[in-house]
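I opened my notebook to go through this structure one place at a time. Come along and check each entry against the view below.

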Amino acid sequence: MTESFSTLRVNANRMHDSFIHLALIGATGDGGVSRVTFSEAHLAARNWLRTEIENSGLEFHMDGAGNHSALLACNNKNAPTILLGSHLDSVPNGGRFDGALGVVAALEVLRTVKENRIKLGVKLEAIDFTDEEGTLVGLLGSAALAGRLHPEALKNPRGGREDLIAGMNRAGLSEAGIFKAARSKGSLAGYLELHIEQGKRLERAGFNIGVVTAIVGIRSYRLSFIGRADHAGSTLMEDRLDAGLGASAFTLAAREIVMRDFPNCVVNIGKMDFAPGVFNIVPLRVDVSLEFRSPDADQFAELDGALIECAKLEAERFRLDLRIEFLGGHAPSAMSENMQQAFMNSCDTLGLTHMSLVSGAIHDAQSLNGICPIGMIFVPSVDGASHAPRELTKWEDCVNGANILLQIALTLGSG
Ligand SMILES: [Zn+2]
């Protein structure tokens, strides 16, 4: 049976038509799209998706979290579902491919299976998750579907409570409804996502497909170095308790620690707020926004310890107080070994080259980690560009990714 599947391909022209139509919705005029969650353009894209689903003769479904789905049933009513998907929301002035490719490819897989009348032992679902990018909450739809959304995430969202409520009203969603989107245990046989790499590794190495081994964990802290405000002219250098020195020394040391001891990790200090923040007063206090990422749970804990220890040492060196506020994060998510192997087998079947890599970006797949087996593949990003209008993946690579998604759905669905 698998033999006959290996020659099946998605309809690349039909997928291209869908992709081009979608890219017109919220188009920025310079090749990008702006479809931030629950904006007019985002809701228009979702309406477009609904029409595409219905015109394909697939069943449309929207859950309480606003996730939009195409459903393809099978003969067994109680069979579990293989979920394929990504997201239609974008960052402001983002690219056409981020998320959109995964949704369009997932829909194309369902169309292909349906028109070839292939009987699988599982249901197929192509899903567009709500608010992946985090304009409002981040991974909102996938966390709700996984039953992992914390009530606090809606009470104190990073995009502001007012904007969240206004957006939910525009989309016709309620808080109670969002929590009802949780799927029952055992209803999902797997989650598979095709995404652009958003980096340069595949392009540099010259490979067709990236098989994701893990999605990094991410943690953030606010570190406050506290010294003493003094006259910037009359206070001797050796007498100063300059909070800026601790914050700056920590920034440089953090980079060195990661580059020397944690080669798979990254650290970013994206913001420093100086108080009182004027030319002629020695800085009393500097609030440092620290974020770091690691693909491995043990290494993540070690890195966390090393960075906090470093902040303490630098504070001590400059005779400063240090306040540490943990702001939250996500654990690293390992992809299913079976899914990785199945992806590699599909690449071999289709004659595509592949390499294994870690995702440094957050994706919906990690919400489903532990709920069902998860797998993810990347296709090359030209020049690694993403979250910008110049984001580009060659169409041939997009089609390759969709065909891998089709192969693995067929393999898992018939196995
Ligand atoms: Zn994305």
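A helix's expected span is 1.5 Å times one less than its number of residues. I kept that in mind for my opening entry, and noted that the model is a predicted one.

Entry: helix α13. I looked up residues 395-414, which make up α13, a helix of 20 residues. From first C-alpha to last, α13 reaches 29 Å, close to the expected 28 Å.

Entry: the zinc ion. Which protein atoms are its donors? I found His87 (NE2), Asp98 (OD) and His195 (NE2), lying 2.0 to 2.2 Å from the zinc ion. Along the chain, the donors follow the spacing H-x10-D-x96-H. His87 lies in strand β3 and Asp98 in the loop between β3 and α4, so this pair ties together parts eleven residues apart in sequence. I noted that both His87 and Asp98 are buried.

Entry: His363. I found His363 in the loop between β12 (354-359) and β13 (374-379). Is His363 buried or exposed? His363 counts as buried because its relative accessibility is 1%. Beyond its sequence neighbours within four places, His363 is in contact with residues including His195, Glu132, Glu193 and Phe378.

Entry: a helix pair. I followed α10 (residues 243-261) and α11 (residues 297-317), whose axes come within 9 Å and cross at roughly 145 degrees. The crossing is right-handed. Among the residues that meet there are Ala249, Phe250 and Ile257 in α10, and Leu303, Cys310 and Arg317 in α11. I sorted the residues of this contact into eleven nonpolar, one polar and two charged.

Notes:
Residues are numbered from 1 along each chain as its sequence is written. This is a predicted model: local features need pLDDT of at least 70, side-chain atom pairs count only at pLDDT 80 or more; totals for chains, interfaces and linings use all residues. Side-chain values use heavy atoms; hydrogens and water are left out. Helices (H or I, at least four residues) and strands (E, at least two) are DSSP runs, numbered from the N terminus. Buried means under 20% relative accessible area, exposed over 50%, partly exposed in between (1.4 Å probe, protein chains only). Contact means heavy atoms within 4.5 Å. Donors are N, O and S atoms within 2.8 Å of the metal (3.2 Å for Na, K and Ca); water is not among the atoms, so sites may look incomplete. Axes are lines fitted to C-alpha atoms, for helices over the stretch in contact, and angles run from 0 to 180 degrees between N-to-C directions. A crossing is left-handed if the near helix is turned anticlockwise from the far one by less than a right angle, and right-handed if clockwise. Ala, Val, Leu, Ile, Met, Phe, Trp, Tyr, Cys and Pro count as nonpolar, Asp, Glu, Lys and Arg as charged, and the others, Gly among them, as polar.
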